[in-house]
Amino acid sequence: MQTNKELIVEPVGLDPDTLPKPLDWAALFGNDHPVELEIGMGKATFLTEAAKAHPETNFFGIEWARWFWRYGSDRLRRNGCLNARTVRAEAGFFIREFVKDASLSVLHIYFPDPWPKKRHNKRRLIQPLFLKEVERILIPGGRLQVVTDHKDYFEQIEPVVKGSNLK
């Protein structure tokens, strides 16, 4: 198993302090391919497989946990996924500050933290205000892809999505 000292994040892992606001995806990737973004990329298992299978698409991953971000960025680099980039940042902040209107074809959110305690439910990512941002950043006909295995969170997500302009 690799240690933190062996993880190499460049050229995939980016420092948000050096990025322009808002991001120009074409300048970042050097092409005008569609962009798909994953919030909470973890070890970048999904991003790696998707980037390898779809070289005609650009992928961008956001992860808050430093070790997972470093590991995922290194995994993408080792697999030659140069159509993918990552950043270590808080997702809501990054989307508000860096992502242009109507610039993403798909937003992936797999197994978001369910914050199962009632008093913590307000920390859940999928909330009406967040869905307004999702509506803003997706292209017309774009897709929000959410997967959860937490029944209570699903029951909260379903009416929030149905109440949005996402179809």
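## Overall fold

The chain holds six helices and six strands. This is a predicted model. Along the sequence, the elements follow the pattern β-α-β-α-β-α-β-α-β-α-β-α. The radius of gyration is 16 Å, close to the 15 Å that the globule rule gives for 167 residues, so the chain is as compact as a globular protein of that length.

Taken along the principal axes, the C-alpha atoms fill a box of roughly 40 × 35 × 30 Å. Burial covers part of the chain: 44% of the 167 residues count as buried.

## Surface and charge

The accessible surface of the chain comes to about 9,200 Å². Carbon and sulfur atoms account for 55% of that surface.

Charged side chains number 25 positive and 22 negative. The centres of the two sets lie 6 Å apart.

## The sheet

Six strands form an open sheet with parallel pairing. Their order is β1-β4-β3-β2-β5-β6. At the edges are β1 (13-14) and β6 (138-147), and each of them pairs on one side only.

Strand β2 (residues 35-39) has two partners to consider here. With β3 (residues 58-63), β2 pairs in the parallel sense over five bridges. In that strand, I62 stands opposite I39. With β5, β2 also runs parallel, and four bridges join the two.

How many of the seven residues of β5 are buried? Six are, which leaves the strand mostly covered.

H108 can be traced across both pairings. This β5 residue is the bridge partner of E38. In β6, the bridge partner of H108 is Q145.

## Helix α2

Which residues of helix α2 (residues 45-53) are buried? They include L47, T48, A50 and A51. In an α-helix there are 3.6 residues a turn, so residues three or four places apart point the same way.

The buried residues of α2 pack against both strands and a helix. The strands are β2, β3 and β4 (84-88), and the helix is α3 (66-78).

## Cis peptide bonds

Two proline positions deserve a check of the backbone. The peptide bond from E10 to P11 is cis, and its omega is near 0 degrees. P11 sits in the segment before β1.

A cis peptide bond also joins K21 and P22, where omega is about -10 degrees. P22 belongs to the loop between β1 and α1 (25-29).

## Contacts of K21

K21 is placed in the loop between β1 and α1. What does K21 touch, leaving aside its neighbours within four places in sequence? The contacts are F93, E97 and F98.

K21 and F94 are 73 residues apart along the chain, yet their C-alpha atoms are separated by 9.7 Å.

## Positive phi angles

A102 is not a glycine, but has a positive phi of about 45 degrees. This alanine is found in the loop between α4 (91-98) and β5 (104-110). A102 has 41% relative accessibility, so this residue counts as partly exposed.

F111 is another residue other than glycine with a positive phi, near 55 degrees. F111 lies in the loop between β5 and α5.

## L129 in helix α5

Is L129 buried or exposed? L129 is part of helix α5 (residues 128-137). Its relative accessibility is 73%, over the 50% cut-off, so L129 counts as exposed.

L129 and V160 are 31 residues apart in sequence. In space, they are 9.7 Å apart, C-alpha to C-alpha.

Conventions:
Residues numbered from 1 in each chain as written. Predicted model: local features only at pLDDT ≥ 70, side-chain atom pairs only at ≥ 80, totals over all residues. Heavy atoms only, no water. Rg over C-alpha atoms; globule rule 2.2 N^0.38 Å. Buried < 20%, exposed > 50% of the residue type's maximum accessible area, 1.4 Å probe, protein only. Areas by Shrake-Rupley, 256 points an atom, 1.4 Å probe, with all protein chains shown as cover. Lys, Arg positive; Asp, Glu negative; His and termini not counted. Charge placed at Lys NZ, Arg CZ, Asp CG, Glu CD. Pairing = 2+ DSSP bridges. Contact = heavy atoms within 4.5 Å.
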